[in-house]
Amino acid sequence: MESSGIGSKHILIVDDEASLRTLVRANLEVDGLVVSEAVDGIEAMKMLAESQPDLILLDIMMPGKDGIEVLENLAADEKLKGIPVILLTAKGEQEDLEKGAELGACGHITKPFDPEQMVRTVKAALGMIRR
Amino acid sequence: MFLDRVIVRQQDPRQLRMAKSAAWIYWLGIIVVFTGTMLPLASEIDRVPVLLLTLGGLLSTVAVILIPWDRFSYKIFYAMAALACSHIATLIYYSGGVESPFGELYFLIAIWAAYFFSFRGYALVASTAIASFLAPYFYDYQYDVVHITSAIIHILFMLIAGGLVNLLVQQVRDRNADLSRTTMTLAQKVRQELREQEKTAAVLASVADGVYVVDTSGHIVLWNKAAALITGFSEEEMIGRDCYGATGEAPEGGGGCTPFCGSVAPLDADSNFSSTGYEVLTCRKDSEKIWLSVSAAPIRDPDGSIAGVVHVFRDISEYKEIDRMKSDFVATVSHELRTPLTSILGFSKTLLRTDARFSDASRESFLLEIVREGERLARLIEDVLSVSRIEAGKLRLDLKAVDVGPAVGQVVKNMARLTSIHNFVINVADDLPRVSADPDKLYQVLLNLVVNAIKYSPDGGPITVTAIERDGRMRFEVTDQGVGISVEHLPHVFERFYRAARGKNGVKGTGLGLFVSKSLVEQMGGKIRVESEVGQGSRFFFDLPLAPAEEAEAEDKIAS
């Protein structure tokens with residue numbers, strides 16, 4: 001999870017679906033972002049303990065530790081609670097979205113999503129940080 | 001024999017009154033006759049017969065007073081016997097003297113005749129009258145008047161007392177006859193009632209539903225066999241128990257158990273309670289949790305007040321479990337449908353992005369992802385459709401002679417494309433006979449087994465697909481070296497919607513693949529089984545019949 005240089009932002013994608021991680025990675029990397037992957041909440045927390053990305057794309061429905069639990073862990077950790085999080089959700093997970101917003105998620109992307117739109121949302125979120 | 005004839009029922013005031021009257025009138029008669037006989041004798045200053053007859057009268061009185069009323073016959077008998085004895089003694093006394101002894105003989109005959117015939121119910125009057133009227137002729141002339149007077153009084157009392165005894169005897173007989181009739185009717189009714197009860201009991205015992213009845217205080221008064229079977233509590237344990245506290249012990253850490261009576265409030269006699277149904281999660285005696293569906297209806301007295309409540313219940317745990325599995329299934333399927341769709345749409349749109357350039361290698365990998373996810377979607381839809389066809393009994397098979405090698409090869413080829421961490425070993429001899437199978441269904445089964453092998457060996461490793469001829473049948477095997485299946489899950493893996501891990505270790509699925517595979521194999525005349533050990537991997541295998549030789553040969557000719 002090393003930063004590839006000044007200006008290149010680091011994104012962590014947490015999703016249990018390999019093909020979705022590949023999809024996100026391909027679309028973000030082509031735009032010059034550095035992407036690392038975690039298959040679930042547990043792995044994500046391990047990786048976050050070592051280095052902090054500029055943004056986290058977090059799936060809500062995951063086995064083991066789900067997205068909401070990860071958010072709770074982030075909120076409880078001084079070092080991690082400033083990292084912006086965009087939730088990846090399926091339709092009908094409104095309750096989780098509200099809970100996510102309460103826990104400090106700065107946005108969400110609903111599956112299935114348009115990759116171009118996804119990239120714009122991520123960039124906007126990073127831009128927000130810049131301001 | 002005459003002594004036991006008349007049993008006066010003291011509980012019956014009329015009988016008792018009558019018996020008392022009869023006894024006292026008899027006694028009065030005795031005293032009057034005695035006095036009438038004694039007075040003239042007393043003036044003669046012959047004190048021996050006076051003493052004898054006085055003693056007889058006293059004993060008679062004692063008998064009338066002391067012997068209980070329910071032994072009426074004895075009372076009369078001993079009263080008379082006492083009197084008779086005094087007369088016999090007098091008779092013996094006189095037998096040595098100048099006077100005629102027949103007067104005393106008359107009394108003996110009269111007394112005993114009266115006694116017997118009064119119980120006989122007839123000839124009392126005649127016997128007493130004849131004896132009394134004849135008597136004076138056997139007496140000394142000088143006592144005539146006195147004796148005739150006493151005889152007339154004697155007869156009068158005898159008549160009245162005899163009549164009363166007669167009435168009493170008649171009444172007792174009637175009553176006894178009535179009683180025996182009533183007893184017979186009652187016995188009949190009791191027998192009928194018992195038969196009805198037996199019938200009801202038999203019905204209650206044989207119904208599959210649990211039935212129990214609680215009284216207005218909430219205590220169980222009936223608990224049938226099925227109730228005992230479902231809950232594990234026997235009739236002996238439950239009768240008399242408070243229904244609102246009756247349930248098994250909660251399993252450790254399993255939370256509370258609702259009583260069998262559920263949340264229905266204790267009965268209020270005035271309540272407008274008609275009938276109600278409820279579901280209750282409760283515990284068996286062995287602490288196993290069960291769902292009961294209970295219907296309750298009031299039992300009313302003839303006056304309309306509620307006497308109790310009959311509850312009929314059945315164990316719906318299985319339905320509840322299927323219900324839960326179905327909800328799970330719907331949630332899983334929608335998730336499972338959306339996931340590949342997200343990838344397919346995502347990669348397609350990525351390929352269409354105008355603002356970014358992807359290398360040819362990337363584009364090809366995206367296409368591969370689309371194919372992979374598309375196939376996943378197709379498999380899922382095929383499985384769901386198969387389940388609905390299997391459940392509706394509409395699964396159609398197109399049995400053909402299928403070449404084993406190519407069938408296995410196709411599955412492995414399609415699957416090997418989708419994983420880079422597994423290596424496939426095909427263990428199929430070239431000269432295998434063909435099997436009788438529906439080629440599409442055989443493909444579906446093998447595919448499901450291989451997909452499972454991939455899914456449950458997340459760290460990669462070899463997956464072996466074997467086909468060998470065994471005992472005139474073809475044995476197919478799919479073996480992996482993955483996580484394996486624990487003993488508790490093993491018997492259930494072929495059940496509909498059943499998922500061993502329920503996604504806990506990240507393995508996704510609908511829980512349909514193995515159910516469908518099992519059904520398909522069975523439809524094709526085979527049987528599917530599994531052997532597994534946690535941490536060692538799993539081996540799924542099934543046998544299919546070989547294609548009939550003629551068919552195989554015929555197709556060979558057509559092919560050549």
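Between chain A and chain B of this predicted model, about 1,800 Å² is buried, and 60% of that area lies on carbon and sulfur atoms. The size of an interface is often given in this way, as the accessible area lost when the parts come together. The contact draws 22 residues from chain A and 24 residues from chain B.

Polar and charged links also cross this interface. Two salt bridges are counted between chain A and chain B, and D31(A) takes part in a salt bridge with R353(B), in which the closest N and O atoms are 2.7 Å apart. Across the interface of the two chains, five residue pairs are in polar contact, with both residues at pLDDT 80 or more. On the side of chain A that touches chain B, α1 (18-29) and α5 (115-130) of chain A each supply at least two residues, and α1(A) gives the most, with six residues. The residues of that side of chain A divide by class as the table shows.

| Class, side of chain A touching chain B | Residues |
|---|---|
| Nonpolar | 11 residues |
| Polar | four residues |

Methods:
Residues are numbered from 1 along each chain as its sequence is written. Chains are lettered from A and ligands numbered from 1 in the order in which they are written. This is a predicted model: local features need pLDDT of at least 70, side-chain atom pairs count only at pLDDT 80 or more; totals for chains, interfaces and linings use all residues. Side-chain values use heavy atoms; hydrogens and water are left out. Contact means heavy atoms within 4.5 Å. Buried area is the accessible area (1.4 Å probe) that two parts lose on being put together, summed over both. A salt bridge is a side-chain nitrogen of Lys or Arg within 4 Å of a carboxyl oxygen of Asp or Glu. A polar contact is a pair of N or O atoms within 3.5 Å; within protein, one must be able to donate a hydrogen and the other to accept it, and residues adjacent in sequence count only if both atoms are side-chain atoms. Helices (H or I, at least four residues) and strands (E, at least two) are DSSP runs, numbered from the N terminus. Ala, Val, Leu, Ile, Met, Phe, Trp, Tyr, Cys and Pro count as nonpolar, Asp, Glu, Lys and Arg as charged, and the others, Gly among them, as polar.
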